[in-house]
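Grab a pencil and have a look at the sequence and the model below. Then try each exercise before you read its solution.

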There are 2 protein chains.
Amino acid sequence: MNLLQTTLSQITPQDAAWRAKAKQRLDSLIMPHWALGRLMDLAMDLAGITRSVQPAVARRTIVTMAGDHGVAEEGVSKYPQEVTAQMVRGFAGGSAGINVLARVADAEVVVVDMGVKASLDDLARQGKIFSMRIGPGTQNMARGPAMTRDQAIRAIESGIEIVRASARTDVFGTGDMGIANTTPSTAIAALLTGLPVSSLCGRGTGIDDEQLRKKVDVIERAIAVNQPDPADGLDVLAKVGGFEIGGIAGVVLAAAARRKPVLVDGFISTAAALIAQALAPASADYAIAAHRSVEPGHRAMHERLGKEPLLDLHLRLGEGTGAALAMPLVEAAQRVLTEMATFDEAHVSKAHE
Amino acid sequence: MNLLQTTLSQITPQDAAWRAKAKQRLDSLIMPHWALGRLMDLAMDLAGITRSVQPAVARRTIVTMAGDHGVAEEGVSKYPQEVTAQMVRGFAGGSAGINVLARVADAEVVVVDMGVKASLDDLARQGKIFSMRIGPGTQNMARGPAMTRDQAIRAIESGIEIVRASARTDVFGTGDMGIANTTPSTAIAALLTGLPVSSLCGRGTGIDDEQLRKKVDVIERAIAVNQPDPADGLDVLAKVGGFEIGGIAGVVLAAAARRKPVLVDGFISTAAALIAQALAPASADYAIAAHRSVEPGHRAMHERLGKEPLLDLHLRLGEGTGAALAMPLVEAAQRVLTEMATFDEAHVSKAHE
């Protein structure tokens with residue numbers, strides 16, 4: 001078995017017995033029943049994921065994966081393609097959005113070049129990023145497959161390797177950088193939700209109405225040209241995906257295999273989580289939806305994953321920024337489960353029956 | 001002038017020039033325009049509040065105010081009245097929801113006895129809580145005023161004193177504890193939004209349908225018996241408020257006078273912020289709505305305040321727990337404003353025009 005197959009074989013659903021143990025404690029904490037709402041749901045998830053009522057959440061890593069997209073030549077983004085590499089240099093420099101917000105989350109940022117067009121070898125040599133380059137950007141999916149099936153497997157396995165290299169991490173977060181990458185993500189969303197492209201497609205970094213019509217057309221052409229099989233996650237990734245999307249799918253799968261929670265960031269990361277779900281349905285049990293972005297398709301993708309996002313702050317940046325913002329809520333859920341007293345412990349009177 | 005009048009006279013709106021300075025920097029940060037959405041709106045608020053593009057947010061205090069309510073004798077809560085004092089003992093012991101979540105927020109919890117029925121003098125003597133007792137709980141508002149006008153002023157001034165005693169705090173959060181206190185809060189909401197009690201009234205700690213009908217009736221009676229003047233915040237507080245609600249209103253007013261942001265917690269804290277707004281409309285400029293609770297009236301109260309809450313996690317605990325959970329978002333907004341690079345600084349290409 002290759003690394004991907006081994007990883008898929010290790011993924012099992014959350015453990016119902018540990019969820020029940022957590023629920024028993026949460027039911028008895030000094031507050032009206034379930035008065036901390038979604039934090040308590042999250043605490044049950046943490047128990048079911050980690051098989052513990054003392055889940056570890058202290059060591060946090062955001063994996064931010066970068067890649068370029070051949071489909072950028074269709075004019076689907078407001079920004080020039082060179083911005084992908086420039087932003088990776090920004091991440092390495094520590095002054096981009098994800099760096100700043102990871103400080104709030106007390107999380108380390110691991111930046112991975114999954115296939116940026118321009119060379120970033122100097123940063124890799126300096127140890128500032130990991131280089132897992134599959135190629136200098138994908139092919140233009142509007143004219144043929146974005147990558148080969150072998151490249152799709154290598155992209156996912158690169159994500160698995162990154163998680164293996166961060167073995168001490170308790171909580172993962174995902175992030176992305178890649179000019180034009182809402183375009184492949186929307187294609188993935190359309191294929192895996194079964195909804196029409198026009199109902200899912202948004203303005204990405206801020207395109208106008210005419211560009212939006214063009215973007216819908218490009219995505220519809222990519223699907224028509226490539227005819228991806230929605231039942232085959234690797235086929236979807238290869239034909240209309242991206243290197244960083246494959247890498248993020250690998251992070252989700254590897255976190256699931258290792259029974260670690262993984263905060264899934266925005267639109268692109270959620271597309272990757274859908275690929276992971278297509279390959280191993282139980283991987284979704286380990287994914288925590290960090291936030292709902294302004295991209296219209298995001299809601300349908302969360303529904304397909306069976307997730308309600310924690311935050312809704314009108315974000316549309318990616319990079320892992322939403323995952324970083326949701327990290328304190330994971331810590332909060334863990335502390336509620338492990339540090340709050342019960343009615344009996346605190347000698348507080350219970351509700352009238 | 002008394003302390004309340006002096007405080008009211010010091011409250012001015014947010015500073016538009018500082019908001020504009022912040023916007024200028026935020027507009028130039030390395031991301032698609034306003035891609036961090038509501039964090040950026042919040043960063044502008046912090047600048048307008050503090051008159052700085054380097055707003056301080058490091059020192060954080062949650063003020064949790066406790067009081068009892070005569071109206072509890074009408075059977076409007078699921079819990080016995082003794083729970084108010086028991087929970088204050090829980091706060092002092094460090095194992096209640098607010099203690100646990102304040103650790104995530106890196107915030108200090110200041111607990112204030114504004115008028116709990118049972119004596120908590122032992123805790124005050126040990127320095128574990130502040131005692132600002134106005135009386136052993138309010139009177140039953142269904143039969144007459146909850147307190148005198150003089151007591152209402154003293155309650156608000158107690159909150160102002162607490163803020164004065166925490167002069168080094170950069171960001172305040174509010175919290176409450178008081179069995180039956182959604183009942184006066186709903187009365188305040190009805191008077192200050194102009195909406196019918198039945199459309200605002202919720203289940204508090206978890207009452208059933210019959211108790212809910214009774215609660216609506218009690219609140220309607222309290223308003224009919226007392227005829228509070230909605231144009232007079234002190235009259236509303238005195239007739240259908242609570243000691244802790246007055247104290248929280250004082251915290252909001254004093255934070256506004258000192259140009260400090262104040263995270264307003266849930267339903268009870270928002271009722272207090274409405275009282276503050278009635279006394280000094282510009283005080284709302286300093287309030288940040290932490291979360292939307294499950295109480296149905298909360299949305300209308302936020303609309304009256306002109307606020308969109310940051311979180312919506314189905315919380316209904318109070319204590320300041322929602323304010324604590326939103327604290328990291330305030331830190332995040334400040335870091336975006338002060339630590340992110342601009343396009344020029346980072347040599348990143350701008351969008352196509």
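Predicted model: local features only at pLDDT ≥ 70, side-chain atom pairs only at ≥ 80, totals over all residues.

Residues are numbered from 1 along each chain as its sequence is written, chains are lettered from A and ligands numbered from 1 in the order in which they are written, and side-chain values use heavy atoms, with hydrogens and water left out.

**Exercise 1.** Work out which parts of chain A the pair A:Arg292 and A:Asp312 ties together.

Step 1: Check the pair. A salt bridge needs a side-chain nitrogen of Lys or Arg within 4 Å of a carboxyl oxygen of Asp or Glu. A:Arg292 and A:Asp312 form one, at 3.9 Å from N to O.

Step 2: Helices (H or I, at least four residues) and strands (E, at least two) are DSSP runs, numbered from the N terminus. A:Arg292 sits in the loop between strand S6 (287-289) and helix H14 (298-305) of chain A, and A:Asp312 in the loop between H14 and helix H15 (321-339), so the bridge ties together parts 20 residues apart in sequence.

Step 3: Look at accessibility. Buried means under 20% relative accessible area, exposed over 50%, and partly exposed in between (1.4 Å probe, protein chains only). A:Arg292 has 14%, so that one is buried; A:Asp312, at 36%, is partly exposed.

**Exercise 2.** Now hop to chain B and find the salt-bridge partner of B:Arg292.

Step 1: The partner is B:Glu308, with N and O 3.5 Å apart.

Step 2: B:Arg292 lies in the loop between strand S6 (287-289) and helix H14 (298-305) of chain B, and B:Glu308 in the loop between H14 and helix H15 (321-339), so this pair joins parts 16 residues apart in sequence.

Step 3: B:Arg292 is buried, because its relative accessible area is 14%.

**Exercise 3.** Which residues are linked with A:Arg60 in a network of salt bridges?

Step 1: The network holds A:Arg60, A:Glu331, A:Arg335, A:Glu339 and B:Arg103.

Step 2: For the whole picture, a search over all chains finds 42 salt bridges.

**Exercise 4.** Is A:Ser166 buried or exposed, and what does A:Ser166 touch?

Step 1: Find A:Ser166 in the loop between helix H7 (149-165) and strand S4 (171-177) of chain A.

Step 2: Its relative accessibility is 12%, so A:Ser166 counts as buried.

Step 3: Contact means heavy atoms within 4.5 Å. Leaving out residues up to four places away in sequence, A:Ser166 touches A:Thr61 and A:Phe172.
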